[in-house]
Structures are given as C-alpha cells and as structure tokens.
Amino acid sequence: MTTTDESFAVYVAGEQIAEDGPGLTYIHVSTPTGPIRMTREEATTLGQLLTAAADCDRRLHLSDEDAANPYLDPYPWSTEPALTVTVHGLPGPQGSKSPVGWGRSRKTGKAIPLMKESSDKVKPWRDQVSDAITKAILRGDAQPLSGPVYAEITFTMPKPASAPKRRRTYPAVSPDIDKLERSTYDAITSAKAWEDDGRVIENHNRKVYPGEHPDALDRPGAIIRLYTLTGALS
C-alpha cells in the first residue's frame, strides 16, 4: 500500500528487470547517498516507516491538546488490502453522454431526451470488472466489505504507438481518471463487493502505461485494491 501523502510515496520510479527473475519488480528510490533499489515488500515497509515518521513530526508541531486528540490522526487503514483483483481489458470512462432520441417521463409524461454513454468501452469494462470480482468472491479469495473503504486503483492504459519506446512517459491525456473511477466503482457495486461506492471515504487512483510503474500490468487493465479500517470485519 502506498502512502496517501505523495511527498512520502516510495514508488517514484520502477521497472521490470527480466534478468532478475520473472515478474520481479524493483523500486528505484533516490537517497542523499545515491539511488538504491528495493523490492515491493521492502518499499512497502519503508513507506510505513516514513508515514510513521511524518506523523511523529506532525505531532511535534501540534499543541498538547491537539496532539492528544485521536480524531486528528490519519484514518487507520489496514496495511493489507481486504480485496485485491487484477482485471485485464480496456478501461472505459463513464460520465459523458450523448443524446439518442426522445422519450416520455414516466412521472410527468413530458418529452425528455434519451441519453447513452458516449464511450462504447464502458459496458465491456464494467462487465469485466464485475466478473473478476464476483469470481474472486466465489473462490473465497475475497469477501464483501462493510464499513468505510480506502480504494486504490491503478489503470494500465494502452500506450500510443507514437510515444517514445525507450523512456518513461505519462498518460496525461483522456480519458479522465475520475471517469475511469466512476465506471469501475459501479462495477464493484454490481459485484456486491460493497453496498455502494458511498463506502469510499479515501482513495488514490493512477493511470500508467504498461511496464512503466511498479503496479503497471503488461497490457491494459487495472489492479484494484480495497482496504478496510484496522480491526474492521470484511
């Protein structure tokens, strides 16, 4: 789990190193004595230590009254996700709609415009996410979550053919990340992994290209991680 404060995120860069083993990802971290390389597990531990150090420093600058107030602490998320699912497919953005004709309101009888999602990718993507999560629950690899949720989703987007092949690039283009989030959240609801997406009280989502982030897939899709509060039942 990465920290939600990006100033302390350790996943600043990453690469797949084939000669070091299949699927083994190392994280490159800059330090005052030079760059170091570590595994994901080591990076996770470092992230937790940095978060604890930041919290300690924050408390030093609080009044005694505020420092003793537990409600000023960050949310106590479990360090391990309650649900982790990998979905392969083209992430579809939900939110932009196009008119397809006219109909009548059942309530008022007045003519109203009929709208449909502008992107044809939305339904296939929602079906793929819902199917993957439903299968994970049926296998016993995940359980429906209750209570507050922290959602972390990494969307791997197709890299344009015109993008540089030998250096890291960033998908700072459409589709909007909030629209990708919207379609994915609705699919999670359809799979009954949570009651509805109102359960999410904190999130961190990102777009990446294949192989250009520690959580990037080798082809389009997404890694979905849902966390519950420490001690909460799934």
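The protein chain has 4 helices and 9 strands. Keep in mind that this is a predicted model. Reading from the N terminus, the order of elements is β-β-β-α-α-β-β-β-α-β-α-β-β. The chain has 234 residues, of which 37% are buried. Of the contacts with a separation of 6 or more, 70% are between residues 24 or more positions apart.

I'll start with helix H4, residues 177–190. H4 has 14 residues and spans 20 Å from first to last C-alpha, close to the 20 Å expected. Its buried residues are Leu180, Glu181, Ser183, Thr184, Tyr185, Ala187 and Ile188. What do the buried residues of H4 pack against? They pack against helix H3 (122–139) and strands S7 (149–156), S8 (200–208) and S9 (221–228). Just after H4, Lys192 has a positive phi of about 60 degrees.

Next, the core. The largest nonpolar core has 27 residues, and the ones with the most contacts inside it are Val129, Ile133, Ile188 and Leu226. Strand S4 (83–88), H3, S7, H4 and S9 each contribute at least two residues to this core. H3 gives the largest share, 5 residues. Leaving aside residues up to four places away in sequence, Val129 touches Val87, Thr184, Ala187, Ile188 and Ile224. As background, nonpolar side chains tend to be buried together in soluble globular proteins.

Now the charges. The structure holds 12 salt bridges. One of them pairs Arg126 with Asp186, with the closest N and O atoms 4.0 Å apart. Arg126 is in helix H3 and Asp186 in helix H4, so this pair ties together parts 60 residues apart in sequence. Arg126 counts as partly exposed at 27% relative accessibility, and Asp186 does too at 21%.

Another pair stays inside H3. Asp131 bridges to Lys135, with the closest N and O atoms 3.2 Å apart. The two are 4 residues apart in H3, which means a separation of about one helical turn. Asp131 is partly exposed at 39% relative accessibility, and Lys135 is partly exposed at 44%.

The last pair is Arg206 with Glu152, where the closest N and O atoms are 3.5 Å apart. Arg206 belongs to strand S8 and Glu152 to strand S7, so the bridge ties together parts 54 residues apart in sequence. Are these two residues buried or exposed? Both Arg206 and Glu152 are buried. They also belong to a network of salt bridges that links Glu152, Arg206, Asp215 and Arg225.

Technical notes. Residues are numbered from 1 along each chain as its sequence is written. This is a predicted model: local features need pLDDT of at least 70, side-chain atom pairs count only at pLDDT 80 or more; totals for chains, interfaces and linings use all residues. Side-chain values use heavy atoms; hydrogens and water are left out. The expected span of a helix is 1.5 Å times one less than its number of residues. Buried means under 20% relative accessible area, exposed over 50%, partly exposed in between (1.4 Å probe, protein chains only). Contact means heavy atoms within 4.5 Å. A nonpolar core is a set of buried Ala, Val, Leu, Ile, Met, Phe, Trp, Tyr and Cys residues joined through side-chain atoms within 4.5 Å. A salt bridge is a side-chain nitrogen of Lys or Arg within 4 Å of a carboxyl oxygen of Asp or Glu.
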